[in-house]
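Keep the structure open as you read.

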Amino acid sequence: MAEEPAKDITRLLHAWSEGDERALDALMPLVYDELHRAAHFQMAREASDNTLQTTGLVHEVYLRLLGAREVDWQNRAHFHAVCATLMRRILIDFARARKSQKRGGSAEHLPLDDDILVSRTPRVDLLALDEALTALAAVEQRQARVVELRFFGGLDVKETAAVLQISPETVHRDWRLAKEWLLHELS
């Protein structure tokens, strides 16, 4: 993203934090495509009978952002990190609701892997992944954030590095270690 739009995003985030009601409306067109891309990555992994669509996920993020006015927004990267967390929560809530509707229907347990990022088939039990990711966060917070940003936020290595203000090499290392830890937890 060019420097000027990034500054506009940061300026709008600060205005929104300070109570400017119009700032969020001005912000969304600037970030919508990125949020839609991240939501698309998530929805590509969902079952074909899923009633939540990509645009619906983005709109749900927007609705939850409306209640997050008190957040002290730092910059564009901070905004995308929060949006990745919101997507995770929305998808987990949706998976829990779907599972309760199925009365304990069994979900397929498969390992987290890089090819999942572009897979069109549901390959991960989101509830089990969420539990394992929460456990990982208790031990290695940064590794859990790397997984959350890459898996739930759809960010690539460079984008994840920018959000967390670490090197791409550190992202690669944390991603590899987190996957190993999660594989152990999920097995």
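H7 and H8 are roughly perpendicular to each other, because angles of 65 to 115 degrees count as such. Their angle is about 105°, and their axes lie 8 Å apart. Axes here are lines fitted to C-alpha atoms, for helices over the stretch in contact, and angles run from 0 to 180 degrees between N-to-C directions. Helices (H or I, at least four residues) are DSSP runs, numbered from the N terminus. On the H7 side, Val157, Thr160 and Ala161 make the contact; on the H8 side, Pro168, Val171 and His172 do. Contact means heavy atoms within 4.5 Å. Four of these residues are nonpolar, two are polar and none is charged. In this scheme Ala, Val, Leu, Ile, Met, Phe, Trp, Tyr, Cys and Pro are nonpolar, Asp, Glu, Lys and Arg are charged, and the others, Gly among them, are polar.

A word on the source. This is a predicted model, in which local features need pLDDT of at least 70 and side-chain atom pairs count only at pLDDT 80 or more, while totals for chains, interfaces and linings use all residues. Residues are numbered from 1 along each chain as its sequence is written, and side-chain values use heavy atoms, with hydrogens and water left out.

H8 also packs against helix H6 (residues 141-152), at an angle of about 95° and with the axes 9 Å apart. H6 and H8 are therefore roughly perpendicular to each other. H6 brings Arg142, Gln143, Val146, Val147 and Arg150 to the contact. H8 answers with Thr170, Val171, Asp174, Trp175, Leu177, Ala178 and Leu182. By class, that is seven nonpolar, two polar and three charged residues.

Next comes helix H5 (residues 126-139). Its axis comes within 10 Å of that of helix H8 (residues 168-186), and the two cross at roughly 125°. Ala128, Leu129, Ala132, Leu133, Ala135 and Leu136 of H5 meet Ala178, Trp181, Leu182, Glu185 and Leu186 of H8. This contact has 10 nonpolar residues, no polar ones and one charged.

A pocket is an open set of points on a 1 Å grid over the protein atoms alone, with protein on both sides within 12 Å along at least five of seven lines; a cavity is a set where a 1.4 Å probe fits but cannot get out, and lining residues have an atom within 4 Å of a point. Grid points are joined across faces, edges and corners, and a volume is the space filled by probe spheres set on the points. H7 gives the most to the lining of this pocket, with four residues. Four lining residues are nonpolar, three polar and four charged.

The count of cavities of 30 Å³ or more comes to two. The largest cavity has about 80 Å³ of space. Its lining includes Glu34, Arg37, His80, Cys83 and Met87. Helix H2 (21-44) and helix H4 (76-101) each supply at least two of the lining residues.

How values were computed: Parallel < 35°, antiparallel > 145°, perpendicular 65-115°, else oblique.
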